[in-house]
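Here is a short tour of one protein chain.

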Amino acid sequence: MKSEGSNSGSSRRKFLKGSALAAAGFYIVPRHVLGGPGFTAPSDKLRVASIGVGGMGGSDVRGITRTEKVDFIALCDVDDTRAKASRELHPNAKYYRDYREMLEKEEKNIDAVSVSTPDHMHAVAAMAAMKMGKHVYVQKPLAHDIYEARMLTEAAEKYKVVTQMGNQGSSGDGVRQMVEWYDAGLIGEATKVYSWTDRPVWPQGIQWPSEPVTPPADLDWDLWLGTAPQKDYVGNLVPFNWRGWWDYGTGALGDMACHIMEPPFRVLGLGYPKSAECSVGSVYVGEFKRGYFPESCPPSSHITLRFDRPGKDDLEFHWMDGGIQPNRPEELAPNEQMGDGGNGVIIEGTKGKMMCSTYGKNPQLLPTSKTKDANVPQTLYRVPGGDGGHYNNWVEACIAGHGSEEFKNLSSPFSIAGPLTESVLMGNLAIRSYDYRTPKADNPAQFDYPGRGIKLVWDGPKMEVSNFEPANQFVKRKYRGDYSL
């Protein structure tokens with residue numbers, strides 16, 4: 001429903017209730033009683049439009065549907081085949097290909113919008129909805145660029161809308177348990193964090209295909225490109241492998257870090273990093289000949305972020321992908337699994353360590369024998385259903401409105417998801433700077449790579465790298481055509 005700060009006036013629920021009482025003047029049986037147990041009155045339902053309804057978007061549509069407190073008014077996708085299942089689930093919802101047309105025509109009929117497009121379209125679609133006063137649910141990562149993440153975070157407060165990023169682990173009990181352990185001093189003061197993933201599970205570190213092919217008839221390629229530079233359609237890109245190309249995706253970091261880095265961010269209350277540095281996996285195309293594929297994310301990387309904490313030592317935060325993992329803690333027995341095998345988090349402190357899997361699941365103190373003996377009072381709100389209640393966490397807040405108790409209990413509002421996403425994308429800023437090159441002065445056929453072997457010094461409030469200007473071109477990209485925030 002409309003946020004409390006919108007120009008639409010009273011909510012439909014209050015309007016209908018007031019009108020009925022004024023007209024009747026006698027006892028009214030509540031609508032939920034007439035409808036039977038579990039019935040949700042139409043005036044209490046959230047009217048939703050979804051942008052991107054195939055693949056992960058289809059999963060989001062189903063997840064929001066399961067709350068049983070929504071009416072889907074409109075669905076939008078540039079790929080008719082991928083949208084088929086969602087359209088069959090909601091046959092009465094109007095269908096569009098262009099989200100701009102949908103928002104223009106359905107503005108008065110919807111309260112909220114979910115955005116589940118490829119990364120490069122998250123910000124423009126979400127911002128358009130927020131400017132209309134619509135609540136938004138946006139898949140992770142919140143945005144493709146640091147600038148976009150900052151603008152969305154500021155817009156959420158400006159337009160007083162209810163927001164949520166699609167990192168469902170933030171609604172789980174695991175991360176809350178870890179916060180309570182840490183606040184109780186069980187591992188002392190944190191000194192280092194290690195986080196890792198086995199992603200990518202799509203091609204990266206490759207050359208852009210040289211042969212264009214004809215787009216499928218059911219795909220609007222121009223709308224799919226959206227904000228990205230004009231290019232011919234190529235195979236093996238849509239619907240999944242776009243994640244490995246900088247024009248559209250954000251690599252393994254963008255795909256998994258909002259799930260894996262989120263627990264330590266919340267546990268430690270981190271903000272913007274002060275610096276970033278990286279090492280990147282190599283692909284050799286010949287003897288002593290390293291491939292150069294600046295359009296593609298690398299096959300693996302190791303990012304080190306440092307966070308300034310007033311009155312405390314800096315925190316060293318490691319991210320590893322492509323199968324790279326940190327050393328096993330000595331406290332783990334030889335046959336005990338680290339994280340969930342392919343992914344995980346370890347937080348080292350002055351008195352001990354803690355570990356979890358993807359989404360903050362299976363939190364453990366190390367050695368793991370300590371976990372069962374931990375007796376810490378529950379101090380934090382638990383989302384009903386845990387990570388499975390992530391969609392309902394957002395829907396309930398939308399219905400209650402901006403500033404409500406349900407709003408305060410949101411797991412990943414943009415006020416939290418925005419700074420997290422910026423830190424995630426700071427790692428990509430280091431990776432892209434690593435590939436930046438300039439011709440050698442004495443031999444233009446050869447190149448220097450001035451972004452390698454350095455540390456990027458980051459000014460968070462100003463959103464700029466202070467010691468390596470070429471990196472700043474990746475903070476905010478240029479949009480194609482008339483797309484804008």
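Buried means under 20% relative accessible area, exposed means over 50%, and partly exposed lies in between (1.4 Å probe, protein chains only). By that cut-off, 53% of the 485 residues of the chain count as buried.

This is a predicted model, in which local features need pLDDT of at least 70, side-chain atom pairs count only at pLDDT 80 or more, and totals for chains, interfaces and linings use all residues. Residues are numbered from 1 along each chain as its sequence is written, and side-chain values use heavy atoms, with hydrogens and water left out.

**The whole chain**

The chain holds 14 helices and 19 strands. Its radius of gyration is 24 Å, close to the 23 Å that the globule rule gives for 485 residues, so the chain is as compact as a globular protein of that length. The radius is taken over C-alpha atoms, and the rule is 2.2 Å times the number of residues to the power 0.38. Helices (H or I, at least four residues) and strands (E, at least two) are DSSP runs, numbered from the N terminus.

Along its principal axes, the C-alpha trace spans about 90 × 60 × 40 Å. Contact means heavy atoms within 4.5 Å. Among contacts between residues at least 6 apart in sequence, 71% join residues at least 24 apart.

**A buried helix face**

Which residues of helix H3 are buried? In this helix (residues 56-65), they are Gly 57, Gly 58, Asp 60, Val 61, Gly 63 and Ile 64. An α-helix has 3.6 residues a turn, so residues three or four places apart point the same way. The cover over the buried residues of H3 includes strand E1 (46-51), strand E2 (70-76) and helix H4 (80-89). Strand E4 (112-115), E5 and helix H12 (390-400) are also among the covering elements.

| Residue | Relative accessibility | State |
|---|---|---|
| His 144 | 6% | buried |
| Asn 393 | 7% | buried |
| Leu 186 | 34% | partly exposed |
| Asn 362 | 45% | partly exposed |

His 144 sits in the loop between strand E5 (135-138) and helix H7 (146-158). Its side chain makes a polar contact with the side chain of Arg 477 at 3.3 Å. A polar contact is a pair of N or O atoms within 3.5 Å; within protein, one must be able to donate a hydrogen and the other to accept it, and residues adjacent in sequence count only if both atoms are side-chain atoms. Beyond four places in sequence, the contacts of His 144 include Asp 119, His 120, Trp 246 and Leu 425.

Asn 393 belongs to helix H12. Its side chain reaches the backbone oxygen of Asn 409 at 3.1 Å. Leaving out residues up to four places away, Asn 393 touches Gln 164, Ser 171, Val 383, Asn 409, Leu 410 and Ser 411.

Leu 186 lies in the loop between helix H8 (173-183) and strand E7 (190-196). Leu 186 and Ala 374 are 188 residues apart in sequence, yet 8.4 Å apart in space, C-alpha to C-alpha. Ala 374 is one of the contacts of Leu 186, as are Lys 351, Leu 365 and Val 376.

Asn 362 is found in the loop between strand E14 (353-356) and strand E15 (364-366). What does its side chain make a polar contact with? The partner is the side chain of Gln 364, at 3.0 Å.
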